[in-house]
Structures are given as C-alpha cells and as structure tokens.
Amino acid sequence: MNKKLLSIIAVCSCLTVHGQSNTYLQTNFDSGIPNDFTLIDNDETPVNASVYQKVDLSGSWSANQIDEKGNYAAFSFSRCNYDLPSDNWMITPGIQLNSENAYLRWEAKSVHYDYRENYKVMISTTGTALDSFKELLSIDQESYHWKTHVVSLASYAHQNVHIAFVCTSKKKFILAIDNLYVGDLSDVAFETTDESKRFSGDTGTAPVHGKIRNTGKPVELKKINCITAQDTYSQVYEKVSLQPDEEVEFNFQIPVVVNEVSGYKLEAEMGDGSIYSLCEDSIICSYYPRTLLAEKATANWCNSCPTAIPVSNRLKDRYHDEAIVLEVHAYDPIECTPYLTGISRWLQGYPSFIYNRMKDYVQNSMNNDKVLQEALLAPTTAKIDMQVERSEEDNSLLTIHTQTEFAKAYDNASGLYKLGYAIIEKSVQGVVQKNSSSLLQNGEYYFLPYSIPGDIQVYHNVCREGSTAFKGVESSLPEQIETGTNYDFTHSLTIPEEFVQSDNLFAVAFVMNTLTGVVLNATRSDIPSPVSGIGEPARNDEKRITVFKNSGTSYNIRFADQAPYTIELISLDGRVVERQTGTAESSVVTVQYPQYKGCYLMKVNQLNFYITQKIMLY
C-alpha cells in the first residue's frame, strides 16, 4: 500500500525521492502476504469471529483491504475467545544483509480507536525457530493513525536474518502492518507533528511549534522555514546531521489579526539547498481563543450513527484540548433527557453534529466537513475559565467557580446571556450498538458486525446531567456587561446518584446567548475523585498497592488483590492524559508511557484503596 506519510496532528505532505539501492525485501501486502513468509499462531487461541466482519480470519495474520482506495495491509486479530494474550507471528524469509547501512522500516496502526495494539519486532540469525529470536523493538499501544517506524540493522551486517512481527495484544481488535521494507535508505522522508494551537486570541502573534522526525536516509538539515502570506521565518541549524528516526523541534511566532485566518507552510531546507515540503496549516484568530464545542447526537439503535464516530475521533485528535466533543444519546439506555430536550431544536436526524450551537452549523453528512470549516471561522466575543471543587461531606455536591470576560459590551437586563453547566462521563461501555457501516472510511466500524457487542463499543464524553446546559442559570452574568471586565460566578451542581462514586467525570461550563442558543465559548474541568470510603486506605498503611519504577518510561504496580483496577496518568495541571482499566490477574501490572516526558502524578485505584504518587518520565 502506498501512502503519503501523514502527521497525527496536522495534514502533512512528505516528499519522497524513490530509488533505493540494496533493497533486500519490500512488500505492501496488496497482493496478499507473500508465500515465503511464515505465519504461526503460537497462542492457538481461537479468534472471536463474532466481533469481525469483511475480513479474512483464516490465520493468525492475513492481508485485508484497509482503505477505500483499494490498499491492503497485513492484519493480526487480537480479540479472542479466551482472556489470554495473543502470540501471533509473521516471519520474513531469510534476508542476506550485505551492507552496514541496512534499515528495517514499516508502517503500523491500531485499527480500533479505543484498543491500541501491542507487538514486538524480533530478529533471528539462525532460522525460524521461535526461541532463536531476539527483540529489536517493543511497541505498546500503537498509534490509531499510521506511524512509520525505522530501526537500524547495522549490528546484523553481512548476516542472514529473519525478522518477525509478533502481535502480543490481549483482547484488543486489529493490528495493521504495511509497507514493510528492508534495505539501505536512499529516499528523503519526514514525519511532521505540528503541535500548534489552532485558535488564538488577539495577541498580535501566535506560536507555531512541533517537531519533525526523519523517516528516510540521513540528511544534513540546514533550516526549517515557516512561510506565511507576509514573510518567511527560518530556524537555522548548524550542520545538523539528522539520522533515521531522529527528530528536531521547531518554534516560530507568526503574526495574527483578529477575525482572520493566518495560514502557514513549513519546509525543510537541506545543506545542499534542496527543499522538502513538511505541512500546511493555519491559526484562526478571534477576540479570545475559542474552544470548539461539538455535540454529536446519536443513539445505540441508530444503524448509521457509527459513521459519526470517526468524525469525532478526528476532531479530538486534530484539536485536542481546544475542542470539547460531547455525545448526546437519544432514546437509549444512556440518554440524558434534559440534555436531549435542549439539543432537539437543532436536530434534523441522527447522527448530527452541532457546532457551537449555531443553527447554520449542523452537520448531517459525515462525508462533508464544509459545515465544520465554516463554524471554525465564527468569531467569539467571550472567554470562560472554571475550577471545580467536590464536597468532602457530600460527594454528590460540586462547587463550580467561573470567570468570564467579554470583548464587547452588552445590555443584559433581559438575562439574554447566561452561564450553563453539564456533567459528563468520560467513557461508557456495555451497551450494544447497531451498525451498518459500509465504507472503509468509517474505520473500525467497517470491520465491526451489525450488532457491536457492548464490551468492544466505547462511548466517549456522554452527557449525564444537563439541567442548565441550555437554559442557563439565572443572574449568572450581570445586567450590564462591560468590555474587558472579569465576572466571577459560583454555582452548585449535584452529581446524579448513580455517578457519585465515579472518578470518570468532568464538568463543562458554557457562556451562551439563550435566545439563539449560540455558545460563545466553553471550557471543561475534571471533577475530583470521590472522597468517601478512601480516607483510611489513602494512607495505604497495608501496602495494598505499590508503585515502583521499571525504567524511565515504565512503572510496575503491585496489587495485593486480584480485582479490577484503574490507573491514571495526570499532568501537573490536573489533566488525565492516560487512563487504563483492567483486572489484576497477576500481582504486577506494567504501564509504559514512552510518549511523555517530565513530572506527572500516577493515581491507582483498586477496590476501596488508592494511591497517588509523583513520577518522573524521561
């Protein structure tokens, strides 16, 4: 399968110059898995065929179509009939490496958004006996988007090797491997991650920052250029030799103008003067930075609703904390009636996306992003921040503090502008979803059956309390709103009884025009975990839970009980950046966070015990 290398965050085009020398093995699996590959189902655990459709389940690995363009990839299926890890091997034929410059390069992805795959890349110099293989690389939670991996084989020069991909996932879904190459690298290729904020306030300039990773041959990097309509900004490197899999960061400040879009293009300039396009993107400037509110109206009985889930996944991956993507369920077991009643004025059918509650910005077609593009350009004249406190005496009571500021003055004597609030559950499982996805662009839902079992269907950001989310709270904003004045307001909110003991909640605050329904801006904050029942265990006197370092990127958690657990990685500003749940079937569970660097908090819950510990990742 031939694909451009795409950034996870920004749309990036990477120019590749072909013509490799010393190519020892190359396959894109479009004609199937080559006959000289060895496939071994070493776990011998039957695949749970009831959760798959439109795929070849004949072996531990098989080639299946992966996109609507007709491209194929090698699939390994990891959701089995028993709660045991996979051990599925795909082994290349013998490869004679005649160069010290040989590399192994491949692309991989987890097909299901919520079930990220684990696998190992192994190498043997003596044959295909499984015990002869040594580990080259271990991947935990492979990306949902195609990611290119590059590994040097210099230490195996002038040897005959077999390379194996071993899926080790436990009850996940599908691991996809593609564009497998072994040989010298003679192409120039980059993978760009643009981490810039998409929305800016009226600040004059805005940062463009991120990193590029070399996925081709070694290059001498001279500059990264950021080109805008007005000027070109350059970040100069002093003879930086960028080796395969090495990366460098870029940082720029570009001018922005209120209510305008500032486009930019990034290029890499080599020491020989050649230039390679990296990516193009833009920053939208308004009076204040906007948080995009996207409310997805859906239902588990709706056959077409799964087609909207990849759209919401793209929104979250594209805008990260600059977007709040909520699920509003209709007439099913996880409906929140007040929220559904409030959103109904925008609905024309299911599924629907409502952006910032603007009546002109309702998206019913999941194949057309025109409505979203228009909604992104709508200016905002308000900003809002919030802090949430939970009562220790009554865990159901929340105190929400908001600070609101406006860029324009408004006569608010009629109470037109108000604040509203909602309580959201981060993830919900256990509900069967109907599914009639027939296009490969619908991602994992193309491969999931007509009735998706509840244990593999995950709903994100489900509304649980929304009594004020649309009508607002009386007198939450003053009768006369002045430009640039900060308005503080405190509101009490009650968590529904069935969710009081959950630590899987966050709150949303909206500043809105209650006549038109338009949300001028929104913000979110995690709700602190419940306090009741954990005071004594919090001291962990019995050492029921122990956290200890395994490496710079991984930690081991030792449990005294074989019971369900929750492990959260929390940034120092209070955001839960990773959350893992499972059942401790052995005494030690290992977690790995290779993508994070710096100081974090790790919170571990099991039964009525929890421990929070500061950790350092590097």
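In what order do the three strands β25, β26 and β33 form an open sheet? The order is β25-β26-β33, and the pairing is antiparallel. Keep in mind as you look around that this is a predicted model.

**The three-stranded sheet**

Two strands stand at the edges here: β25, covering 382-390, and β33, covering 487-494. Each has a single partner strand, so one side of each is left without a neighbour in the sheet. Going from one strand to the next, the twist averages 20°. If you zoom in on β25 and β26 (residues 397-406), you'll find nine bridges joining the two, which run antiparallel. As background, strands of a sheet pair through backbone hydrogen bonds.

Ile-163 is a handy place to start exploring: leaving out residues up to four places away in sequence, its contacts include Met-90, Leu-104, Val-121, Phe-133, Leu-153 and Val-182. In soluble globular proteins, nonpolar side chains tend to be buried together.

**A stretch named in UniProt**

An unreviewed UniProt entry places the feature "domain: Cleaved adhesin" at residues 25-137. In the model, this span is 0% helix and 38% strand, and its end C-alpha atoms lie 19 Å apart.

Tyr-350 and Pro-351 are joined by a cis peptide bond, with omega at about 0°. Pro-351 sits in the loop between α2 (337-343) and β23 (352-355). Glu-44 and Ser-475 each have a positive phi although neither is a glycine. Here they are side by side:

| Residue | Phi | Loop between | Relative accessibility |
|---|---|---|---|
| Glu-44 | about 55° | β2 (38-41) and β3 | 66% |
| Ser-475 | about 60° | β31 (459-465) and β32 (480-481) | 64% |

Are these two residues buried or exposed? Exposed means over 50% relative accessible area. Glu-44, at 66%, therefore counts as exposed, and Ser-475 is exposed too, with 64%.

How values were computed. Residues are numbered from 1 along each chain as its sequence is written. This is a predicted model: local features need pLDDT of at least 70, side-chain atom pairs count only at pLDDT 80 or more; totals for chains, interfaces and linings use all residues. Side-chain values use heavy atoms; hydrogens and water are left out. Two strands pair if DSSP finds at least two bridges between them. Helices (H or I, at least four residues) and strands (E, at least two) are DSSP runs, numbered from the N terminus. Axes are lines fitted to C-alpha atoms, for helices over the stretch in contact, and angles run from 0 to 180 degrees between N-to-C directions. UniProt positions are given in the numbering used here, feature names are shortened, and annotations may be inferred rather than shown by experiment. Contact means heavy atoms within 4.5 Å. Buried means under 20% relative accessible area, exposed over 50%, partly exposed in between (1.4 Å probe, protein chains only).
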